[in-house]
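Here is a short report for a reader meeting this structure for the first time. Take a look at the model, then read on.

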Protein chains: 2
Amino acid sequence: MKTFRILATASALALAGAATAQLAPGADPKAVEAAFDAGVSSQDQLDWLRQMSSAPNQVGSPHDKANAEFMLAKFKEWGWDAHLEQFEVLYPTPITTTVEMVAPEHMTLGGQEPPVPGDDTSANTAGALPPYVAYQGDGDVTADLVYVNYGMPADYEALARRGIAVKGKIAIARYGVGWRGLKPKLAQDHGAVGTIIYSDPDDDGYGAGDVYPRGGARPEQGVQRGSVQDITNYPGDPLTPGIGATPGAKRLTRQTAPTILRIPVLPMSYADAAKLLARLGGPFAPTGWRGGLPFAYHLGGDGAVKVHLAVKSDWKLTPIYDVIATLKGARYPDQWVIRGNHHDGWVFGASDPLSGNVAMMSEAKALGQLWQQGWRPARTIVYTGWDAEEPGLLGSTEWAETHAAELKAKGVLYINSDSNGRGFLHGEGSHDWQHLVNVVAADVTDPETGATVAERSRAGVRVAAFDRLSRAGDTELAAAEKGGDLPIGALGSGSDYSAYLQHLGLPALDLGFGGESESGGVYHSVYDSFHHMTTFDDPGLKYGAALSKVVGRLVLRVADADTPPQRFGDFADTVSTYLTQVKTLAEDRRAEDRKRERLLADGAFRLAADPLKPVGAAAAAARTPYVELAALEDAVDRLQAAATAYDRAYADTGAKLDPVRRDRLNAQLRDIDQLLLDERGLPGRPWYRNLVYAPGRFTGYGAKTLPGVREAIEERRFADANDYAARTAAVLTAYAARLDQARATVEGR
Amino acid sequence: MKTFRILATASALALAGAATAQLAPGADPKAVEAAFDAGVSSQDQLDWLRQMSSAPNQVGSPHDKANAEFMLAKFKEWGWDAHLEQFEVLYPTPITTTVEMVAPEHMTLGGQEPPVPGDDTSANTAGALPPYVAYQGDGDVTADLVYVNYGMPADYEALARRGIAVKGKIAIARYGVGWRGLKPKLAQDHGAVGTIIYSDPDDDGYGAGDVYPRGGARPEQGVQRGSVQDITNYPGDPLTPGIGATPGAKRLTRQTAPTILRIPVLPMSYADAAKLLARLGGPFAPTGWRGGLPFAYHLGGDGAVKVHLAVKSDWKLTPIYDVIATLKGARYPDQWVIRGNHHDGWVFGASDPLSGNVAMMSEAKALGQLWQQGWRPARTIVYTGWDAEEPGLLGSTEWAETHAAELKAKGVLYINSDSNGRGFLHGEGSHDWQHLVNVVAADVTDPETGATVAERSRAGVRVAAFDRLSRAGDTELAAAEKGGDLPIGALGSGSDYSAYLQHLGLPALDLGFGGESESGGVYHSVYDSFHHMTTFDDPGLKYGAALSKVVGRLVLRVADADTPPQRFGDFADTVSTYLTQVKTLAEDRRAEDRKRERLLADGAFRLAADPLKPVGAAAAAARTPYVELAALEDAVDRLQAAATAYDRAYADTGAKLDPVRRDRLNAQLRDIDQLLLDERGLPGRPWYRNLVYAPGRFTGYGAKTLPGVREAIEERRFADANDYAARTAAVLTAYAARLDQARATVEGR
């Protein structure tokens, strides 16, 4: 077998070298992949990146549209059937943004980031928007400032115990821990009249490394823009939840759209934030609240610092441009493998999103060359360049909602990427596809070490654990030590897979390299530039090419697979660990509730408090009851049994099925992940229908798995917990039943 | 019983109010304690503190001697038999201290700390020594600077993996994690020619709170002085290990004294350190190495920053003055309860040591009043005011060494205090005395809450755990939740109990309040002043009075006890947990060794490393073998059985023994803790003879329990591990055998 592989590779190299070589349908897959690799070029990616990041390309900008047209032209040139698809979305373009200290002294803050030596585009920001956050509420307020740490629910509990409220005040939160949009949402829920979000240098500045341009970390004037739309309710155009934002669509008004905030919000650099925070009075900030600025952090709220915050936006409908390109499948034209990356940035967007976008373009060019050499995929391949991801996944969501029926009827898998960097492959997504990701990672060479991408990942997990630099999960570390498949993570939100996975139910993967790049330091700022990207993130875009090779292999193997390449045991085992986590969560909560009850009964909070720095008692809370989990446990058991049986039966056949059974199996498994949806959706957010994967209501980007049950326990909605335990059991039982049917097909019954 | 107690208290109060009341021998102990309490006064303590901290009182200063004479006069006034005992010790008084940056630019650093508004003594530092560290090596060096984080062994491993050496260079380490003296010692061992130790603001500055004088935390010019004598080898006068530094004593020379460093060392403020660290080149500091200064920390060592460091001291013999005061016991004059606190400071020393010292003086005054009212203790009470603790526990060590035979023959218990503050009682020491500490803490009222000191401590442990602010050990938390005795900690070094516990084998306790005071922020600086102490640490010295009441009760109860008030089950159970820790340590080390071996064999370090920020492989190390622990396990089992049986037998008698058996029991148990000594001492440091408690060689102040075995495993001295497992088994077996004898006495056999 080994000899055969060497021969195959040699012949593939010969083929790749010959421009006129033909790849007939049925060509050796190894030869096809070698020819694909030959079409991937870091130099191409550098050229495209330089061009696409040469001017501000935020939604509505001329260069963003020009980039869509550039991609369209390229796809066509490479032989794809391509077009632009336009939607009309509500997009608030800032007209004025004002933030100033008015007490104890007057100081104007905010405004565009200054140029940095060596970074040409930073000196050329004509057409760029000032630092702002999309879908904040507009307004003009002057009020006391309160420091709320990361602005998460636990932070408000800590403030309450110290007698500090944000009602009628402006909250200043640092970036981190939870998603950006939750910070002003929670501040608003607590009565704040405005919110500032700043990048603390401990998390994102000199605490991370040398600041730009000496190193890649965030300089003191760098500001993180971003969306504060409530994507945990639904993403996409706020006016058209669940439907495409086409010209004639029935729209909500801005006032009735629930994902738009009501209070003004602005992001801020740490140079500016330092001026405010250094002057705050009130109590000393609790343990864990101090960031990296060189003074004692206080909570404020005592009137010492007053801030004027005003934002006015143009709330117009704006056209956005998705690039849609297709290579039609020869055998299963109605089974679609979908691949996407967005093309809009916040300013120049060299890392986010263009580093991933040019990797995707390399794949498209290489696939186009295969096509021109005669190769025809078994399934249809759809490449997509999304617009308006940054303000809230608009391009991908609107396309998914517009074509929902067709996508549910045809979609096999959605593969996403976004920013790409140097280092280690990370993959998140639907766990029935976990093994395929690992197989592909074992077939691509890491550009820095010459090992395979998979080997490097395993070494990374093991050494980080040995050096106590990361807390790899026990499962991950054990897998790395055994040399087996590394687990992939669960998807929450934060990029364009969301509508596909969580609304339509398609399986999805999100892939990229990272861990050694410093793109975090310029994330969503003016300094996310070609210079930064090619100096600190992926010099020479070698990992850009590696990503193309990883994703290209995934696309080829899924598109050309005779039978679905999933491994369902991985999914079943992962769900089983999620259930264990949920049970542990409930136990931990109960134990904590009992402790709180006893501490309150004993007056222990009063006895423990420092009278000179008073901290009140924790708020009383009902004891977490036992949740009815028996049906869910049974369902997971059944799922594991069905998955194991299917995987074994499939392996026994050696994937050799007659055409009738093969087609039946493909039909049975193409939409199996859609069985994880519940049409009622998650409590309070019906757009999210997937009962295994969701973004957390209080994590934002971060995933919550088995969300109907887990979040209900976390948020003390115990009736929901019981209800969704049953609903989750039902979807997993349906999934298991489908696997039993598929096994019957494999076994010829 | 409760009614009786109330009556007793009422009668005691009446007694206390009557200046002429008489306390005949055999008086109700409750009445004695109430009268004692009446003699304790915060106002006294404030008066004495103001006087004693009014001028610099470091070793050799006129005011230090004046304070000893002041205490002597007071003790005599209160009716004690008191005298000064003088020793002649090597004490290096700085003549010149120089630290300056010579590249990339010239900048003079160091020098005396500037005055602070509101702190009168800070403006009056005539006679104070400049910031320096005692027993550094003198020298004049100019060299590259290398940042070594906390300067602990793991930090040098991390540097080596990054290709950075300190050989021929000056190391700059931040205070924290390990003891001060280990930092230059390890730097010297690695070939450094000099060391700077600075206070990083993250650990000790604005990271801890508002800086002085706005708050109590360390201001940017504050410097921590201290000793860098190698006290983990032996403390006390470096020239007279094991013997008293009396005029005619045989002395080592300065050159042959192993506890004196060979390289120059100076401490530094963070204002000065920032100037050096901000300019360092070389690699970015590893995760966890960054402190609170507002820039990216680098490792240096690349020649970018050169420092000139020079120290010249007067290495003369200096007289020191211990205050020794006695109240002679009526029944057992040759059984001594010893109580001590030092009186020398680094500058004004208001918190360290005078806050503890004035609490001790209150006890002495109150005991003197009892004496004058006719009370006579059953045992002799010895109160000691130590000189020269700061440079290395000299006063207490020399007295212990001088009077070793008498102390071993008569000592019952040594009770120590040092700085005292506001908050929670902490106690460390010999675990056979743990229950008594808890009993006493349950009898003293916390000044802030009105609860008992014990109740407040338990609430503190429980709430800190609930709020995830501290990692109380499971044992401690469980004890606090049950409402039972809180465990006391183990003693390492850092105050005057060391010679008594670890060299002579007397049981020892160290007690104080803390957790709410901010004395850490001025520790060993000019700002440790009356103003700081009474503003931020213990306003009104209410906790000074509480400490007097806690320790006074301990002294009274031990001095007047019919039979020894120890509970040996606490000791046995604690030793059993230490043995469990040692076994876990060995297992963890073996697991880590196996992982390292496999990572090296797989080349995983190379694969995991970022080629642009290279980190080399961990150094290979032999696998940790299994240690022969069976005999030690048996000994601990036997100890637990003997202790349980003794405690039960003792409880059954209700502590009622006839005089012969009572005297025999006292004789059998008075020196039982001395059985924990091994005359050979610990490996490489024979002065330390206690095989249960020792300061860690690589923790300094921090204790290592079962040190012969534990440190041998940690330091890969596996032959020592087996040897000391057997030796430790032997001392514990002797201890158990003595308990069996004592039980026979109790049982009348």
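## How the two copies meet

In this predicted model, 100% of the interface residues of chain B are also interface residues in chain A, so the copies meet through the same surface. The geometry fits that picture. Chain B can be laid on chain A by a turn of 180° and a shift of 0.0 Å along the axis, with an RMSD of 0.0 Å. That is the relation of a two-fold axis.

At the interface, 37 residues of chain B are in contact with 37 residues of chain A. Three elements of chain B give two or more residues each to the side that touches chain A: α12 (453–466), α17 (568–601) and α18 (604–608). The largest share comes from α12(B), with 7 residues. By class, this side of chain B has 20 nonpolar, 7 polar and 10 charged residues.

## Chain A as a whole

Chain A holds 22 helices and 16 strands. Its radius of gyration is 26 Å, close to the 27 Å that the globule rule gives for 749 residues, so chain A is as compact as a globular protein of that length. The C-alpha trace of chain A spans about 80 × 60 × 55 Å along its principal axes. Of the 749 residues in chain A, 59% are buried.

## Domains of chain A

The domain assignment divides chain A as follows.

| Domain of chain A | Residues |
|---|---|
| domain 1 | 2–89 + 320–444 + 490–560 |
| domain 2 | 90–317 |
| domain 3 | 445–489 |
| domain 4 | 568–746 |

Take domain 1 and domain 3 of chain A. Their centres, taken over C-alpha atoms, are separated by 24 Å. The contact takes 19 residues from domain 1 of chain A and 14 residues from domain 3 of chain A. On the domain 1 side, β13 (423–429), α11 (434–441) and α16 (542–560) of chain A each supply at least two residues. The residues of that side divide into 10 nonpolar, 7 polar and 2 charged.

## The core and a buried helix

In soluble globular proteins, nonpolar side chains tend to be buried together. Here the largest nonpolar core has 426 residues. Which of its members touch the most others? They are Ile172(A), Val550(A), Ile172(B) and Val550(B). Leaving out residues up to four places away in sequence, Val550(B) touches Leu425(B), Val440(B), Ala441(B), Val444(B), Val453(B) and Leu511(B).

Helix α8 (residues 350–372) of chain B is another buried element. Of its 23 residues, 21 are buried, so α8(B) is largely enclosed by the rest of the structure. Gly374(B) follows α8(B) and has a positive phi, near 105°.

## A glycine in a strand

Gly514(A) lies in strand β14 (residues 508–515) of chain A. Is Gly514(A) buried or partly exposed? Gly514(A) is partly exposed, because 18 other C-beta atoms lie within 10 Å, while a buried residue has 20 or more. Gly514(A) and Phe424(A) are 90 residues apart in sequence, yet 5.3 Å apart in space, C-alpha to C-alpha. Not counting residues up to four places away in sequence, Gly514(A) touches Gly421(A), Gly423(A), Phe424(A) and His426(A).

How values were computed:
Residues numbered from 1 in each chain as written. Chains lettered and ligands numbered in written order. Predicted model: local features only at pLDDT ≥ 70, side-chain atom pairs only at ≥ 80, totals over all residues. Least-squares fit on C-alpha atoms with pLDDT ≥ 70 in both. Contact = placed C-beta atoms within 7 Å. Helix = DSSP H or I, 4+ residues; strand = E, 2+ residues; numbered from the N terminus. Rg over C-alpha atoms; globule rule 2.2 N^0.38 Å. Buried ≥ 20, exposed ≤ 12 C-beta atoms within 10 Å, placed from the backbone. Nonpolar A, V, L, I, M, F, W, Y, C, P; charged D, E, K, R; others polar. Core = buried A, V, L, I, M, F, W, Y, C linked by C-beta atoms within 7 Å. Domains from an automatic or database assignment.
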